[in-house]
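I opened this notebook to keep track of a few look-ups, taken one after another.

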Amino acid sequence: VDAIAAAADTDDVVVLVTQRRARKKVDSEHLFDVGTVAKIIRRLRMPDGGVQVLMEGQYRADVEDVRSVDDYLQARVTPLVNEKADELELEVLRRVVVAQVEAVADDTNVFAPEMVSMARRTADPSWIADYITFSSDMSPHERQSVLETLNPAERLRHVATYLTKQVEILDIRNKIQGEIQDGIEKVQRDFYLREQLKAIQRELGVSNPQIDDIDELIVRVEG
């Protein structure tokens, strides 16, 4: 809260940095070296005294000279620039990733419909990689790895690898669910046949509980 308030003196600009390991007390030793410079778009004061904040990421940055000021941290940052990548390779990777997003979205609620629509419409491969990364359920360390990757093609490969794993998980899940459903249907079918058999036995006046084979019943009827 103090950091958000202090940002008013710096054009509402803050730097967002992930902890290497989640801790209640935040200190510079447990922060990653690369973060995101973001601009505060809107603040909303909550009844419990907290603040809900809407931010927009601006650029990647090296985080240096982190120091404690009052009850929050300040740092000096150096902007990081994307590396050049082959345009054709980027477009191919973009299409692969969008197709994977669609495949995952068809079977799960990991990606909201509007997010899938946004991925389809956006032509910027670098933006798509970042958007999917931070809209997914990637682990904090996976997200950090993408954040620290300055080559857009490599970022898309990171995302494609994650999505490939999600598709494989879905395929295995669907296979297991299919096998379970087949087993349930077999049990239900066997139960239905047993009930039919009991009805036939009653109609034929068969009282021998040992007779539970349809072929045997047919022989009795024909005899």
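The entries below follow the order in which I looked things up.

**Entry 1, aromatic rings.** I note at the outset that the model is a predicted one. I began with the aromatic side chains, and a search of the whole structure gave me 1 aromatic pair. The partners are Trp127 and Tyr131, whose ring centres lie 4.6 Å apart and whose planes make an angle of 20 degrees. I recorded the pair as stacked, because planes under 30 degrees apart count as such.

Staying with H4, I looked up how it is placed against helix H5, which spans residues 140–147. The two axes come within 10 Å and cross at roughly 165 degrees, and H4 is therefore roughly antiparallel to H5. I have the crossing of H4 and H5 down as left-handed. Which residues make the contact? From H4 I listed Asp130, Thr133 and Phe134, and from H5 I listed Arg143, Val146 and Leu147. Sorted by class, the contact of H4 with H5 holds 3 nonpolar residues, 1 polar residue and 2 charged residues.

Next I turned to the loop between H4 and H5, where Ser136 has its place. Is Ser136 buried or exposed? With a relative accessible area of 6%, Ser136 is buried, since the cut-off for that word is under 20%. Leaving aside residues up to four places away in sequence, Ser136 touches Phe111, Arg143 and Tyr162; Arg143 is also among the H5 residues that I listed for the contact with H4.

Gln19 counts as partly exposed, at 21% relative accessibility. Its contacts, again without residues up to four places away in sequence, are Lys25, Val26, His30, Leu31 and Phe32. Finally I set Gln19 against Ser136: the two are 117 residues apart in sequence, and their C-alpha atoms are 19 Å apart in space.

Technical notes
Residues are numbered from 1 along each chain as its sequence is written. This is a predicted model: local features need pLDDT of at least 70, side-chain atom pairs count only at pLDDT 80 or more; totals for chains, interfaces and linings use all residues. Side-chain values use heavy atoms; hydrogens and water are left out. Rings of Phe, Tyr and Trp (its six-membered ring) pair if their centres lie within 6.5 Å; planes under 30 degrees apart count as stacked, over 60 as edge-to-face and the rest as tilted. Axes are lines fitted to C-alpha atoms, for helices over the stretch in contact, and angles run from 0 to 180 degrees between N-to-C directions. Helices (H or I, at least four residues) and strands (E, at least two) are DSSP runs, numbered from the N terminus. Angles under 35 degrees count as roughly parallel, over 145 as roughly antiparallel, 65 to 115 as roughly perpendicular and the rest as oblique. A crossing is left-handed if the near helix is turned anticlockwise from the far one by less than a right angle, and right-handed if clockwise. Contact means heavy atoms within 4.5 Å. Ala, Val, Leu, Ile, Met, Phe, Trp, Tyr, Cys and Pro count as nonpolar, Asp, Glu, Lys and Arg as charged, and the others, Gly among them, as polar. Buried means under 20% relative accessible area, exposed over 50%, partly exposed in between (1.4 Å probe, protein chains only).
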